[in-house]
Amino acid sequence: MDNIKIPKHLAIIMDGNGRWAKKRLLPRAMGHSAGAKNVETICEAAWNMGIKYLTVYAFSTENWKRSEDEVSTLMKLLKQYMDGCIEKSRKNNMRVRVIGDISKLSPEMQASIRRLEDYSKDFDGLQFTVALNYGGRDEIIRSVKKMAEKVKAGEIEADEITEEMLSEGLDTWELPDPDLLVRTSGELRISNFMLWQLAYTEFYFTDVYWPDFDEEELRKAVDYYGNRDRRYGGRNS
């Protein structure tokens with residue numbers, strides 16, 4: 001990776017688990033299982049490349065519309081991942097955050113999330129964020145409601161509201177905005193993911209299904225980013 005610019009914050013829409021399984025005549029659940037296993041591979045590869053922040057889209061607010069069986073399978077896998085991630089975070093000095101409205105999740109899942117976040121809060125290696133029951137529009141609405149409450153309480157005036165205030169009310173308030181967004185499986189949309197934060201992010205789309213997105217594919221994405229002439233308002237970054 002010599003002389004290649006490395007994104008500080010990489011965001012990934014992990015897509016294609018079901019199609020990966022279908023192509024192999026396997027149940028969709030096995031695709032989700034393979035995708036979950038691949039997360040650890042990419043976490044390690046990202047850190048070794050010099051990426052400090054990694055955020056993955058694990059379950060959206062729209063995913064509840066999937067079949068009951070598939071949602072149940074996804075939730076079981078996510079619960080297992082959260083429980084197993086405590087040891088992974090210790091081994092890799094990795095901090096784990098969860099963004100999204102976790103109040104809609106089961107009490108057991110919420111407990112697993114809080115336990116993992118508390119356990120890993122002081123680790124300073126890879127800063128790994130999982131978007132779970134997350135939607136960009138929902139996140140913005142929740143932030144706006146926080147500001148509306150402050151206006152109602154007389155803490156601020158409506159015309160004093162700034163971009164910074166809205167950003168501070170988002171789930172990602174502790175994180176820098178992503179430099180690079182990767183979406184796997186050939187889809188060319190962002191699916192309600194980090195709508196506010198992606199304003200100046202580079203996008204990289206690949207036909208590779210998520211379970212097959214390995215270190216070599218990650219390098220291709222990072223090389224693409226490194227060769228971009230990033231500009232903000234007409235000025236080079």
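The legends below describe several close-up views of a predicted model.

Residues are numbered from 1 along each chain as its sequence is written, and side-chain values use heavy atoms, with hydrogens and water left out. Because the model is predicted, local features need pLDDT of at least 70 and side-chain atom pairs count only at pLDDT 80 or more, whereas totals for chains, interfaces and linings use all residues.

View 1. The protein chain holds seven helices and eight strands, where helices (H or I, at least four residues) and strands (E, at least two) are DSSP runs numbered from the N terminus. Its radius of gyration is 18 Å, close to the 18 Å that the globule rule gives for 237 residues, so the chain is as compact as a globular protein of that length; the radius is taken over C-alpha atoms, and the rule is 2.2 Å times the number of residues to the power 0.38. Of the 237 residues, 46% are buried, a word that stands for under 20% relative accessible area, while exposed stands for over 50% and partly exposed for what lies in between (1.4 Å probe, protein chains only). Among contacts (heavy atoms within 4.5 Å) between residues at least 6 apart in sequence, 75% join residues at least 24 apart.

**View 2. Helix 7 and the elements it packs against.** Helix 7, made of residues 215–226, has twelve residues and reaches 16 Å from its first C-alpha to its last, close to the 16 Å expected at 1.5 Å a residue, the expected span being 1.5 Å times one less than the number of residues. Its buried residues are Glu217, Leu218, Ala221, Val222, Tyr225 and Gly226, and these pack against strand 1 (9–13), helix 2 (28–49), strand 5 (180–183) and strand 6 (202–205).

View 3. Side chains of opposite charge can pair when their charged atoms come close. Here the side chains of Glu215 and Arg219 meet in a salt bridge, 3.2 Å from N to O, the term meaning a side-chain nitrogen of Lys or Arg within 4 Å of a carboxyl oxygen of Asp or Glu. Because Glu215 and Arg219 are four residues apart in helix 7, about one helical turn separates them. Glu215 counts as partly exposed at 35% relative accessibility, and Arg219 counts as partly exposed at 32%.

**View 4. Further salt bridges in the structure.** The structure holds 20 salt bridges, one of which joins Glu187 to Arg189 with the closest N and O atoms 2.7 Å apart. Glu187 is partly exposed, with a relative accessible area of 21%, and Arg189 is partly exposed, with 45%. Asp118 forms a salt bridge with Lys121, where the closest N and O atoms are 3.5 Å apart; Asp118 is partly exposed at 47% relative accessibility, and Lys121 is partly exposed at 40%.

**View 5. Pro7 and its surroundings.** Pro7 lies in the segment before strand 1 and is buried, with a relative accessible area of 1%. Leaving aside neighbours within four places in sequence, Pro7 is in contact with Ile51, Asp179, Leu180, Val222 and Tyr225. Although Pro7 and Lys52 are 45 residues apart in sequence, their C-alpha atoms are 8.2 Å apart in space.
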